Amino acid sequence: MARKLLLTHIDVPGIQTFEVYRQQGGYRAVEKVLKTMSPDDVVEEVKKSGLRGRGGAGFPTGMKWSFLAKPEGVPRYLVCNGDESEPGTFKDRFLMTHIPHALLEGMIVSSYALGAHTSYIYVRGEMMPQIRILERAIQEAKAAGFLGNNILGSGYDLEIYVQPGAGAYICGEETALLESLEGKRGNPRIKPPFPAIAGLYGCPTVVNNVESIAATVPIINDGGEEYAKIGIERSTGTKLISASGNLVKPGVYEIDLGLSVEEFIYSDEYCGGIANGKRLKAVVPGGSSVPILPTNLILKTANGNSRLMTYESLADGGFQTGSSMGSGGFIAFDEDQCIVRNTWNFSRFYHHESCGQCSPCREGTGWMEKVLHKIETGHGDLSDIELLWDIQRRIEGNTICPLGDAAAWPVAAAIRHFRDEFEWHINHPEDALTRNYGLAHYADPLAPIVS
Amino acid sequence: MLSVKHNEIVEFSSTLLDQFAEVVARFPEGRQKSALLPILHLVQAEFGWLSPDAMNKVAGYLGIEPIEVYEVATFYTMYLLQPQGKYVLEVCRTGPCCLVGAERIMTHLENKLGVKEGEVTADGLFSWRGVECLAACGYGPVLQIGPEYTFYENLTEASVDQLIDDLSSKTN
Amino acid sequence: MAEEIKLKVSIDGIPIEVASGTTILNAARQIGGDIVPPAMCYYSKLEGTGGKCRTCLVKVSKGSDKDPRPMPKLVASCRTTVMDGMEVENITSPDVVDARKAIVEMLLINHPLDCPICDQAGECKLQDLGFEHGSAQTRYEFDRRTFERIDIGEKIQLHMNRCILCYRCVFVADQITDKRVHGIIGRGDHAEISTYIQNVVDNDFSGNVIDVCPVGALTDRTFRFKNRVWFTKPVDAHRDCPTCSGKVTLWYKGADVIRVTARKDEFGEVEEFICNTCRYDKKETRDWKLEEPTPISDQSVIASNHYTRFNPPAVIENDPVLQEQNLEQLARTEKLK
């Protein structure tokens with residue numbers, strides 16, 4: 001049984017409430033930092049832990065914190081990114097629903113470390129029930145003296161507010177989120193300046209994912225070094241994985257980084273294998289934007305090693321034969337799923353969610369969707385595959401924000417690994433409308449590449 | 001230009017204005033525009049959609065130009081800019097939910113309600129639409145119903161029928 | 001006065017020293033010539049513009065003397081400031097040339113290509129961009145996005161089909177006029193310039209949105225279908241205007257002033273914004289003091305009908321034999337001087 005740091009008390013009845021959370025040892029981290037640590041000590045502890053941003057980019061949290069500018073007389077802000085919109089990802093919803101106080105405790109610890117006195121939790125508007133849960137939790141914490149003025153007599157003041165989004169994937173991009181929080185359209189800003197210099201209202205700001213902030217609690221309680229002992233290489237600690245698709249037991253799992261992908265999919269402790277006794281065809285391991293891999297590349301790397309749930313192992317082989325940890329949105333496809341249709345579906349998503357500011361993303365995402373729809377509905381030409389490749393190549397890296405890359409990668413990976421399925425769709429349009437290409441050779445073991 | 005066919009003159013109640021004030025107080029002085037998204041949610045919950053008049057009044061309340069409200073309201077997909085059915089059923093249509101049958105659920109909904117996506121049933125009770133990922137991929141197919149965005153998970157044709165029947169009888 | 005810090009930067013191998021805070025694009029403009037990246041959305045007179053169209057992408061092959069690492073991606077030259085020792089590649093980088101070609105293609109897939117009936121033709125930045133960087137054929141085979149053509153006020157027509165969403169007109173309304181009634185409505189590839197509800201863009205400086213529009217999306221209704229711009233003769237003129245500088249360009253067709261615009265610099269940017277009275281209500285020669293023919297680049301189609309001078313290449317000027325051969329042209333040049 002893997003250890004749990006974030007979801008330790010998930011099964012305790014009433015853990016949603018302050019009272020039960022506190023009885024289980026909650027808010028110890030707040031007491032510890034306010035009574036025994038300086039803000040810099042907290043930053044140092046988080047650096048030691050090796051914690052990497054859990055929202056998708058995987059940037060070291062402690063380092064991000066240390067970039068925060070601290071000019072005199074200017075407020076600093078901590079903004080929690082609870083926009084959770086990457087298809088395949090629903091861990092933050094789970095955490096906010098079931099243990100809202102873990103997030104609040106992390107917010108207090110992190111705000112103290114950064115010297116913020118007003119912090120916002122930006123939650124996507126569709127999660128109205130979670131917004132209500134957090135608001136209630138804030139009231140409880142405030143009533144118990146853990147928020148407000150002079151918290152626990154330490155002289156430290158903090159208010160936390162919850163801000164709803166209103167339906168826009170792009171607001172998960174940190175500068176779009178800040179624009180949205182300022183009451184504007186969610187157009188990503190042109191960087192530099194980065195939020196650490198000029199963020200919310202032009203003030204120095206740190207934006208962190210829900211899970212990253214919650215992870216500061218065990219880091220403070222146990223010490224950064226203890227946290228860093230879990231995991232492998234630069235993938236330290238535990239990670240929440242959202243498992244969806246054709247699995248026996250989809251859901252949110254807390255894993256030690258370093259677990260093998262095979263164990264995660266097939267063991268009863270986690271996903272319990274592929275639903276309905278079917279075989280696995282492909283996996284998108286980190287949310288819809290990361291490359292899809294066929295079974296034979298997700299279970300083993302190109303050089304024949306077992307693939308592990310770590311930032312490094314999932315990325316092993318680069319985009320040629322690897323993928324990415326992303327946000328931990330693990331989507332499993334069984335043998336009856338159509339990769340072409342799914343790629344079209346994802347590209348429709350990115351087309352729908354493009355903010356429209358910069359030309360390659362605004363125009364290119366819609367173009368890709370149309371070409372993919374044409375192939376999916378049996379009207380494709382073989383030249384469309386090259387065209388798609390060219391469009392995605394020309395979006396990637398040329399846009400204001402990473403949404404362009406996020407739209408390009410799934411198309412590129414689907415063509416890279418499933419080109420024969422695309423060709424089959426084009427060459428057998430009538431068959432493609434009535435049946436799927438099936439598992440084909442996608443689970444056949446590959447000869448390891450010996451370098 | 002977007003076709004703005006409907007309008008509805010609204011009056012903000014004192015309860016609603018109190019809620020507005022509570023939201024505005026969360027932000028620093030002079031940053032009241034930050035309250036725009038939450039206030040639009042409150043207005044939509046009250047009136048069912050955002051009419052041009054309602055948006056103009058929000059602009060007046062926050063001391064910003066009406067176009068600033070229109071720009072925001074048309075950017076975010078949760079804001080409804082046309083009158084809708086009493087219950088707007090929003091079904092997730094993105095990849096992971098489609099792997100477990102979301103498309104089937106939408107077809108079923110269309111047949112059951114007898115209206116196409118975006119249309120309102122004759123009794124004014126229901127409209128439905130496909131929406132992008134709702135971050136509940138492990139519990140798909142899912143749908144939500146505003147204004148509190150109540151969630152219905154692991155949908156089947158039977159559970160959708162049951163839901164529609166329940167909502168219909170609740171209203172009768 | 002503190003000595004101004006000068007930073008060394010090279011663009012396509014051409015070195016220049018610029019003030020700290022200068023963007024790569026503006027450094028390139030100081031050098032001039034064909035190494036200046038095209039800019040469809042950036043506008044030096046409007047704060048906050050730029051970064052959106054991506055036509056000015058360049059490659060930073062050396063970040064600075066201090067940190068010589070190249071930047072991992074192409075950057076928008078209009079929004080990236082130079083560092084000391086920075087080396088930039090524009091037209092010498094195949095990556096940049098390829099990316100620019102891609103951007104032009106993206107900008108054109110939903111553009112109606114209705115130049116033959118567009119009043120902007122001949123002074124359209126997208127036309128120039130397509131000509132210089134585009135492909136001869138499109139690979140886009142789907143229906144193009146369309147919008148209704150609408151009048152936003154008495155004097156301005158909006159052809160949303162032609163818009164490239166540069167946001168310049170929104171910045172004009174925010175920064176030059178006292179009230180903004182139009183903006184960006186919707187999102188993604190269905191975003192549009194709009195007033196949302198029926199509304200009129202009308203205040204003393206609203207006409208400037210026409211001048212900043214790089215394409216034919218916002219055009220002057222009083223000039224609509226009056227003439228092709230290359231059949232008109234632009235002349236700089238001024239008047240004492242209580243509202244603006246009164247410095248304009250008059251566009252003559254024969255003896256008639258058929259259009260008034262602000263004066264534009266070599267990068268197509270307005271030098272000084274003008275008021276609506278100057279633009280719409282002063283269309284008689286007697287309203288103005290004429291200065292001189294507006295300088296027009298000999299690359300522009302507008303120059304094609306104003307052949308005033310034969311520019312003898314240096315090789316002719318220095319060679320008596322060639323001078324003899326070209327007597328007639330040289331004589332005419334003298335006459336027109």
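A: One begins with the naming of elements: helices (H or I, at least four residues) and strands (E, at least two) are DSSP runs, numbered from the N terminus. The model before you is predicted.

Q: Which loop of chain A holds Pro193(A)?

A: Pro193(A) belongs to the loop that runs between helix 8 (174–181) and strand 4 (205–209) of chain A. The peptide bond leading from Pro192(A) to Pro193(A) is cis, and its omega is near 5°.

Q: Which residues does the cis peptide bond in chain B join?

A: In chain B, Gly146(B) and Pro147(B) are joined by a cis peptide bond with omega of about 0°. Pro147(B) is found in the loop between strand 3 (143–145) and strand 4 (150–152) of chain B.

Q: Where is Leu113(C) placed, and what is its phi?

A: Leu113(C) lies in the loop between helix 2 and helix 3 (125–133) of chain C, and its phi is near 50°. Leu113(C) counts as partly exposed because it has 14 C-beta neighbours inside 10 Å.

Q: How does one describe the packing of two helices? At what angle do helix 2 and helix 6 of chain A pack?

A: One states the angle and the separation of the axes, and then the residues that meet. Helix 2 (residues 28–36) of chain A packs against helix 6 (residues 100–114) of chain A at an angle of about 15°, and their axes are 9 Å apart. Angles under 35 degrees count as roughly parallel, so helix 2 of chain A is roughly parallel to helix 6 of chain A. The crossing of helix 2 of chain A past helix 6 of chain A is left-handed.

Q: Which residues of helix 2 and helix 6 of chain A meet?

A: From helix 2 of chain A come Ala29(A), Val30(A), Val33(A) and Leu34(A), and they meet Glu105(A), Ile108(A), Val109(A) and Tyr112(A) of helix 6 of chain A. By class, this contact of helix 2 with helix 6 of chain A has seven nonpolar, no polar and one charged residues.

Q: At what angle do the axes of helix 3 and helix 9 of chain A cross?

A: The axes of helix 3 (residues 39–49) and helix 9 (residues 210–222) of chain A cross at roughly 100° and come within 10 Å. Angles of 65 to 115 degrees count as roughly perpendicular, so helix 3 of chain A is roughly perpendicular to helix 9 of chain A. Here Val42(A), Glu45(A), Val46(A) and Ser49(A) of helix 3 meet Thr216(A), Ile219(A) and Ile220(A) of helix 9. By class, the contact between helix 3 and helix 9 of chain A has four nonpolar, two polar and one charged residues.

Q: Which residues are in contact with Val109(A), leaving aside its neighbours within four places in sequence?

A: With those neighbours left aside, Val109(A) is in contact with Ala29(A), Val30(A), Val33(A), Val42(A), Thr216(A), Val217(A) and Ile220(A).

Q: How many residues has the largest nonpolar core?

A: The largest nonpolar core has 267 residues, and those with the most contacts inside it are Val79(A), Leu95(A), Val109(A), Leu40(B) and Val91(B). Helix 18 (residues 403–427) of chain A gives the largest share of this core, twelve residues.

Terms used. Residues are numbered from 1 along each chain as its sequence is written. Chains are lettered from A and ligands numbered from 1 in the order in which they are written. This is a predicted model: local features need pLDDT of at least 70, side-chain atom pairs count only at pLDDT 80 or more; totals for chains, interfaces and linings use all residues. Axes are lines fitted to C-alpha atoms, for helices over the stretch in contact, and angles run from 0 to 180 degrees between N-to-C directions. Angles under 35 degrees count as roughly parallel, over 145 as roughly antiparallel, 65 to 115 as roughly perpendicular and the rest as oblique. A crossing is left-handed if the near helix is turned anticlockwise from the far one by less than a right angle, and right-handed if clockwise. Two residues are in contact if their C-beta atoms, placed from the backbone, lie within 7 Å. Ala, Val, Leu, Ile, Met, Phe, Trp, Tyr, Cys and Pro count as nonpolar, Asp, Glu, Lys and Arg as charged, and the others, Gly among them, as polar. A nonpolar core is a set of buried Ala, Val, Leu, Ile, Met, Phe, Trp, Tyr and Cys residues joined through C-beta atoms within 7 Å. A residue is buried if 20 or more other C-beta atoms lie within 10 Å of its own, exposed if 12 or fewer, and partly exposed in between; C-beta atoms are placed from the backbone.
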